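Subject: Structure handover

Hello,

I am passing this structure on to you. Please open it before you read the notes.

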Amino acid sequence: MYSALTLCLNSLISDPISVVSSSSQLSDRPLRHEFTVLIPAQNEEASIGSKVLLAASYADRVLVLDKGSTDRTMEVAALGGARVVPLAGGEEALLKVLYRASLDSELVVLIYPECMQDIDLLSHVLEPLRQGFDLSVGSWPCRVSCEQETVMLLNGKSTFKEKIGFLAVTSGALQNISSGKEHLSLKSLLSAAKTEKLKVNYLSFDVDPAFRKLESTRIGVVVPAYNEEQLISETLSGIPEYVDRIYVIDDGSTDRTGEIVKKFGDQRIVYLRHEVNKGVGAGIIDGYKLALKDEMDIVAVMAGDNQMDPAQLPRLIFPIIEGLADYTKGNRLLSDNFMTGMSRWRSFGNLLLSFLTKIGSGYWHVMDPQNGYTAISRQALEVINLDSVYPYYGYCNDLLIKLNAFGMRVMDVVIPARYGSEKSSIRYGKYIRKVSPMLFRGFLWRLRVKYTVLDFHPLVLFYFLGMLALPLSVLLGLWGLLQLLLRNPLPSYYPLLGFLVLGAGLQMLLFGMLFDMQVEKKRNERVGLAR
């Protein structure tokens, strides 16, 4: 598959006209796209897939402009449904591609990913054009030094000096201001728009309502790291500007992870080192404790192996800000598209653990419990006993059990799997053997706390009788088999008795699960009505 894809991509590179044709070829096409999104990219193998999928949910065509990538950026972009265009040159070459794309699109949007960290904000980009503006230009607050920086005098009112995150323009306006110009730059484009008296809208996301919600919320990110010297710097660089604190928990690394973090130069970083490896769960819990001391409103978890796309972080945070959830988590298992890059063994292990966690936690709608990309509210952190959380990889399953016992709302957020050069240390055979007993103990604890201490529900009796009947049926079966081997006579009703006990046990367990589901469903309905 990859060889065929590579051959296709090589043909695109050798003949870029097949992707973005000359002006005459494009103008002869009868089909006009509603709008096209262009995304310049270079060596973004780990993140380009999610950017393409998000952009494609708005646009009917996505072009990835490759600026000389040496990794699999182009392959991943093509797998995501984008058309790949090799880009040779700087800003002038970029705007030429923009102009050519406008010849068969109603409007075009150019996104600088490093300066527009949330592609989901494309709706804000397009709204001014729907209201009659010809050009929409805007910035996104970011620490990363962006290439595009200009001084704009817009609408004759104000002068802005900003880093450009996006440029959206109607095809007619772009062709009008580009006509007869051999050399085109962003500055000349904006100057021409002013000369032609086009309606230009400037949008800064630092005053956007969505961004204000992020700005007014104290957000912390916990970064557990163990021997991540290759990826920790890239992980920290990608954490958005609106995050207030970054808690890096070095879990006894024996490489240069700690040294890199200390020299990173971000004042938001709070560094804590474990002298011995305590487990990823223990690291995250220590990060949660630091965040509580700093009075963070929401705390997210982003692993130090750069496996979690920062562009997806707002999708985890906003449900908590808007009061829809107390805990949000990623879900990679919804479809095959979202499991791209995940091995079959990992997928099977996730599905099995999802089922066991559903029973143990009582969150029957939750899948992919091993997904560590999460966000949690301060209220939820203050309710649970953090010291009692399982310290190893099963911490996420144990946390769900404790959240359910105290009535916290959990929401799945579909997020694509993102696997790059990191290596997972999870061995699913050993993992399931260790986590399964913890899930069973947590299940019993949840039944006791939720349905006998904090409240009472007869489902506890159904579960209890079912858990007694099933082992009893097994013992009856073994005893009967032993008697047959010893050739001792058995009563004629003995087999029927065994099947009766087995059937009763299964029925009791199923009734217990059914009542557990109904309790969770009714609670969610009450929360929905209260909102």
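The notes below go from the whole chain to single residues.

This is a predicted model, in which local features need pLDDT of at least 70, side-chain atom pairs count only at pLDDT 80 or more, and totals for chains, interfaces and linings use all residues. Residues are numbered from 1 along each chain as its sequence is written, and side-chain values use heavy atoms, with hydrogens and water left out.

Confidence. The pLDDT is the predictor's confidence in each residue, from 0 to 100. Its mean over the protein chain is 78, and 77% of the residues reach 70 or more. Over residues 1-31 the pLDDT stays under 50, and the model has 40 contacts there beyond four places in sequence; a contact means heavy atoms within 4.5 Å. Residues 142-162 also have pLDDT below 50, with 54 contacts in the model beyond near neighbours in sequence.

Whole chain. There are 19 helices and 15 strands in the protein chain. These are DSSP runs numbered from the N terminus (helices: H or I, at least four residues; strands: E, at least two). Of the 531 residues, 52% are buried. Buried means under 20% relative accessible area, exposed means over 50%, and partly exposed is in between (1.4 Å probe, protein chains only). Of the contacts between residues at least 6 apart in sequence, 76% join residues at least 24 apart.

Leucine 129. This residue belongs to helix H6 (residues 122-130). Leucine 129 counts as buried because its relative accessible area is 11%. Beyond four places in sequence, its contacts include Leu107, Asp134 and Thr170. Threonine 170 lies 41 residues from leucine 129 in sequence, yet their C-alpha atoms are 7.4 Å apart.

Arginine 268. Where is arginine 268? It sits in the loop between helix H11 (257-262) and strand E11 (269-274). Its relative accessibility is 10%, so arginine 268 is buried. The side chain of arginine 268 reaches the backbone oxygen of proline 240 at 2.7 Å.

Phenylalanine 406. This one is in the loop between helix H16 (395-405) and strand E15 (410-414). Phenylalanine 406 is partly exposed because its relative accessible area is 32%. Together with Val383, Val453 and Leu454, Phe406 makes a nonpolar surface patch of about 330 Å². Patches are made of residues with over 30% relative accessible area and no salt bridge, with like charges joined within 9 Å and nonpolar side chains (Val, Leu, Ile, Met, Phe, Trp, Tyr) within 5 Å. A salt bridge is a side-chain nitrogen of Lys or Arg within 4 Å of a carboxyl oxygen of Asp or Glu. Accessible areas come from the Shrake-Rupley method with a 1.4 Å probe, and for residues only the protein chains shown count as cover.

Regards

Conventions:
Polar contact = N/O pair within 3.5 Å; in protein donor to acceptor, adjacent residues only side chain to side chain.
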